[in-house]
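Please look first at the sequence and the structure shown here, and then follow the paragraphs below with both in view.

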Number of protein chains: 2
Amino acid sequence: MLEWLKEPEINFPGQLEHAGFEHGVCVGQIQAKAGLTQSTVSEYLSILQRAGFIEAKRVGQWTYYKRNEGAFEALSKLIQSNL
Amino acid sequence: MLEWLKEPEINFPGQLEHAGFEHGVCVGQIQAKAGLTQSTVSEYLSILQRAGFIEAKRVGQWTYYKRNEGAFEALSKLIQSNL
DNA sequence: CAAATATATCGACTTTTCCCGATATATGGA
DNA sequence: TCCATATATCGGGAAAAGTCGATATATTTG
């Protein structure tokens with residue numbers, strides 16, 4: 001999912017019918033691609049959010065998730081320096 | 001354990017009575033510090049070895065493990081480029 | 001070769017994680 | 001307000017990971 005969110009236009013073309021990608025990708029799009037249930041995907045995304053890897057933005061009935069690139073840089077540096 | 005192995009001299013002073021650190025740290029030293037059973041530590045180290053994060057060197061009855069720094073750099077770069 | 005020491009492997013049990021269906025909550029539209 | 005849609009949360013069963021004791025293997029020494 002994290003890799004998918006690097007290129008929303010390529011990985012979630014279906015979202016174009018309803019919205020753009022300025023706030024990220026909505027849960028339903030991710031669920032369809034993942035092939036897991038709605039509850040599983042929702043929970044997974046909230047875990048990634050709490051971990052800081054993605055950010056959520058509620059717009060109407062939809063919740064859009066997008067990557068927080070800073071978290072990946074921080075993780076990369078953490079591995080370099082601490083591990 | 002991976003962090004401990006960054007500074008063997010500091011984290012495993014007990015090994016000096018029997019050997020140096022040129023090949024790494026032996027299982028018994030790591031076990032004592034970890035506070036887990038011998039079997040658990042041995043299995044854990046073999047997993048880390050198969051994953052490429054540490055290297056094993058058998059010397060007599062002892063198996064010494066040391067970090068494979070290249071694996072950590074590679075992981076850091078993988079996160080930067082692929083994740 | 002027998003005993004002592006160090007490590008590895010095996011089987012079982014416990015804990016954690018994964019994933020689901022059911023249900024609750026939130027929003028938008030008739 | 002009532003219903004449809006989207007997402008979140010909850011409880012439980014299945015799968016995986018963690019840990020142990022017992023035992024096997026390897027090495028050194030007497």
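Around DNA strand D there are 17 residues, and the closest of these are Gly28(A), Gln38(A), Ser39(A), Ser42(A) and Ser39(B); a residue is near a strand if one of its heavy atoms lies within 4 Å of it. Of the atoms of DNA strand D that come within 4 Å of the protein, sugar and phosphate account for 60%. This is a predicted model, in which local features need pLDDT of at least 70 and side-chain atom pairs count only at pLDDT 80 or more, while totals for chains, interfaces and linings use all residues. Residues are numbered from 1 along each chain as its sequence is written, chains are lettered from A and ligands numbered from 1 in the order in which they are written, and side-chain values use heavy atoms, with hydrogens and water left out.

Both chains take part in the surface near DNA strand D: α2 (27-34), α3 and β3 (62-67) of chain A, together with α3 of chain B, each supply at least two of its residues. Helices (H or I, at least four residues) and strands (E, at least two) are DSSP runs, numbered from the N terminus. The residues of this surface divide into five nonpolar, 11 polar and one charged, where Ala, Val, Leu, Ile, Met, Phe, Trp, Tyr, Cys and Pro count as nonpolar, Asp, Glu, Lys and Arg as charged, and the others, Gly among them, as polar.

A base oxygen of DNA strand D, in turn, is 2.8 Å from an N or O atom in the side chain of Ser39(B).

DNA strand C is likewise surrounded by 17 residues, the closest being Ser39(A), Gly28(B), Gln38(B), Ser39(B) and Ser42(B), and sugar and phosphate account for 59% of its atoms that come within 4 Å of the protein. Here α3 (38-50) of chain A and α2 (27-34), α3 (38-51) and β3 (62-67) of chain B each supply at least two residues of the nearby surface. Phosphate oxygens of DNA strand C are found 3.1 Å from a polar backbone atom of Thr37(A) and 3.2 Å from a polar backbone atom of Val27(B), whereas a base oxygen is 2.8 Å from an N or O atom in the side chain of Ser39(A).

Within chain A, the axes of α2(A) and α3(A) come within 9 Å and cross at roughly 115°, axes being lines fitted to C-alpha atoms, for helices over the stretch in contact, with angles that run from 0 to 180 degrees between N-to-C directions. Val27(A), Ile30(A), Gln31(A) and Ala34(A) of α2(A) meet Gln38(A), Val41(A) and Leu45(A) of α3(A), contact meaning heavy atoms within 4.5 Å. These contact residues divide into five nonpolar, two polar and no charged.

Key: Polar contact = N/O pair within 3.5 Å; in protein donor to acceptor, adjacent residues only side chain to side chain.
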